[in-house]
Amino acid sequence: MSLLTSPIFAQNNPRTILDFDKGWRFYLGDEPKAKDVAFNDSDWRKLPLPHDWSIEGQFSEQHLSTTQEGALPTGIGWYRKVFTVPISAKNKAIFIEFDGIYRNSEIWINGHLLGIRPYGYSSFRYELSKYLKFGSEKNTLAVRVDNAAQPNSRWYTGSGIYRNVRLVMTSPIAVNQWGTFVTTPTVSNQKATVSLQTSIRNATRKSQTIRIVSTILDTFGKAVATQTATSVQLKDTLTIVSQQFDVSNPLLWSVEKPYLYKIITQIYSQNQLVDSYETPLGIRYFHFDPATGFSLNGQPMKILGVCLHHDLGALGAAVNRRAMQRQLELLKAMGCNAIRTAHNPPAPEFLDLCDEMGFIIMDEAFDMWKKKKSKQDYGLSWDAWHKTDLEDMVRRDRNHPSIFIWSIGNEIREQFDSTGITITKELASIVKKLDTTRPVTSALTENIPDKNFIYRSGALDLLGFNYKHEAYADFPKTFPNQAVLASETGSSLQTRRHYDMPSDSVRMWGKGGPANFKDGNPDWTASAYDNEAAYWGSTHEQTWKVIKKLPHMAGLFVWTGFDYLGEPHPYPWPARSSYFGILDLAGFPKDVYYLYQSEWTNKPVLHIFPHWNWPKGKTVDVWAYYNQADEVELFLNDKSLGVRKKTGDDLHVMWRVTYEPGTLKAISRKGGKPVLTQTISTVGKPTKIQLIADRTTLKADGKDLAYITVNVLDDQGNLVPDANHLITFSIQGEGIIAGVDNGYQASMEPFKANYRKAYNGKCLAIIQTSEKARKIRVKATSEGLQGAVLELISR
């Protein structure tokens, strides 16, 4: 039972936000009586949230979700939580806030139905106040989640209360949910004007006079501007108050230096503080221009983005801040500066991280409108819910400085008939009533103007086009005076460290669908040479070569940053996750990661591949991605194989080499002087395991993670490129194995286990802390290999 104990209220804090993730019970299956207070749930499983029950299951071709949704189980589940509320909270307004439940949630408090919410990606809240019991009496919260109707998505969704939950207590006079809206109407290096609108909720049922004090704090907590509104009259339930500030010599938010201020809004009634509310603030200005593309704070730049689905690999859809942070760290190191949230609103913590780390966000609302893409998808709920869901997304997210673009849809079928005009105008209007500071777009597939009814609506501020890179150069003529970006590019197919030769011909795969696909490999792999792509797409190089040269193209969002569960195009079962990622599902970079790093960063890069273990005499194509150099020379056993230079729009160089064992060495040079050297050697038999943690000091908060890379090495410490040993993990101390993976798209091993086969020499173990500070000892063993031990410190 969760106790909301009195020390919280002893602080006289006017607004209390409680983490409500702990102490839940869960049952997989339908149990209609579970909504009743008297229901006995003692034999249900105890667990914390966020929780995704699908990721705990076994893969099966028989699951109704199909391989499109990861071939994992769905169904119906119930959650219950029992808690008490102190008598001191009796005059508070008390709300339960859910960041996301997939899907069709129904929620009861003490047997009273609070409401339903079909869309699995929306954040929402209900007021509990009038149904609660106080003091020692117990309250029962019951949640039914129905993800049984399948298929309802084109990718893995997860099932359950997969995002965070909070209990929020406020005074009857308080800032409403998502009740502030901050904008920066004028910005220069000398001064910024900041406008703040605050929606104040008055639940006292009578007129009130209040005072509002709003203060902008810098990153050190120092006040840089304050505004006070006195004698504010609250006559109705909701009252909007406007305040304006001047900030001298503002530090601007940018992708390189994402400086963050915050605004603290305090409400006083009869000189007593009754509410305090925090709003993030990033001061920046930007522009999309039809001729010159995108600029941020007056500086031209390309949006170098990727599309991301919401799953976190082996963790499934269950939100974890560290898991999202790791993804963003890996993308940032690649040179990525933007994310498209494909194709739904993300977790709020994801946007917090993007604010802090400096990413430009295209925040996307829907994958479909009224016309369905899957039999049981959101199209069934469109008429009743799309307005509420879109409004809630914009209200929730509009204060994030990382958000630059609102997207109202992805590859919407209404592009192709006149309903596209009506619906586009409606959706754009909904957004504009809540925010006029950012452009509205939709990710389009039809680039012939007369055929595209969404474009013909005239309601889009920015045109986003998916694929068809051959048409980009003509956009200034095709769509005159329209700002344009590539909202989705690529769909190139790769399996990490798998190589099909020859590498200099491009194969477009899968036009007939998975059932008719006969051109692939018997082990369901795709080549890491960037020479295979989905029939609708392109290789990474093909599209980037075009966009980098066209000033009118504001940027691109590559499909995708990471492999994701579901949509294993072009393969049928047993493939169950995508091949599109620049990094695999475990977060291990594929070779193309270094293409982008060589193009999108200023750090010196030299990356040669493939590995150097082949049958003697085989012809092997050796590629090199490099930058900050004029040329690369390749040596085999100290014999030069020649110098290669990029010419024209080349993005890599290649040698065709007859294999012999030994060492490949590449040297990049600029002006004749060496810049970088890389060597790849023929490796011996596997002899030992290596464990490498991304972080060895963790927080003892029950949520922090260490990602441990498991390498199978020979006796010289070289990665064995074809090692597939079964690795078993054990833990001592205060930690658990949260997930395991190896990045292979057709692996049938479960993600929730204490073992994993290596794939092409590597696998991954994810370790999660408990709430006790103590060392965590991780041991990895495998038959025939020397084991390894790694110690983590949880504080």
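This is a predicted model: local features need pLDDT of at least 70, side-chain atom pairs count only at pLDDT 80 or more; totals for chains, interfaces and linings use all residues.
Reader: At what angle do helix α2 and helix α3 pack, and are they parallel or oblique to each other?
Author: The axes of α2 (residues 321-334) and α3 (residues 348-357) are 10 Å apart. Angles under 35 degrees count as roughly parallel, and 65 to 115 as roughly perpendicular. The packing angle is about 40 degrees, and the two helices are therefore oblique.

Reader: How many nonpolar, polar and charged residues are in the contact of α2 with α3?
Author: On the α2 side, R321, M324, Q325, L328, E329 and K332 take part. They meet E349, F350, L353, C354, E356 and M357 of α3. By class, this contact has six nonpolar, one polar and five charged residues.

Reader: What distance lies between the end C-alpha atoms of helix α4?
Author: Helix α4 (residues 382-397) has 16 residues. At 1.5 Å a residue, α4 should therefore span 22 Å. The distance between its end C-alpha atoms agrees with this, being 21 Å.

Reader: Which elements are among those covering the buried residues of α4?
Author: The buried residues of α4 include W382, W385, L390, M393 and V394, and also the charged residues D389, E391, D392, R396 and D397. Among the elements that cover the buried residues are α3, α5 (419-434), and the strands β8 (112-117), β12 (173-187), β24 (360-364) and β25 (403-410).

Reader: What is the handedness of the crossing of α4 and α5?
Author: The axes of α4 and α5 come within 9 Å and cross at roughly 35 degrees. In α4, W382, H386, K387, L390, E391, V394 and R395 meet I423, E426, L427, I430, V431 and L434 in α5. By class, that contact has eight nonpolar, one polar and four charged residues. The crossing is right-handed.

Reader: Is N249 buried or exposed?
Author: N249 is not a glycine, yet its phi is positive, at about 45 degrees. It sits in the loop between β16 (238-248) and β17 (261-269). Exposed means over 50% relative accessible area; at 55%, N249 therefore counts as exposed.

Reader: Is Y467 buried or exposed?
Author: Y467 also has a positive phi, near 65 degrees, and is found in the loop between β27 (463-466) and α7 (475-478). Buried means under 20% relative accessible area. Because its value is 8%, Y467 counts as buried.

Methods:
Residues are numbered from 1 along each chain as its sequence is written. Side-chain values use heavy atoms; hydrogens and water are left out. Axes are lines fitted to C-alpha atoms, for helices over the stretch in contact, and angles run from 0 to 180 degrees between N-to-C directions. Helices (H or I, at least four residues) and strands (E, at least two) are DSSP runs, numbered from the N terminus. Angles under 35 degrees count as roughly parallel, over 145 as roughly antiparallel, 65 to 115 as roughly perpendicular and the rest as oblique. Contact means heavy atoms within 4.5 Å. The expected span of a helix is 1.5 Å times one less than its number of residues. Buried means under 20% relative accessible area, exposed over 50%, partly exposed in between (1.4 Å probe, protein chains only). A crossing is left-handed if the near helix is turned anticlockwise from the far one by less than a right angle, and right-handed if clockwise.
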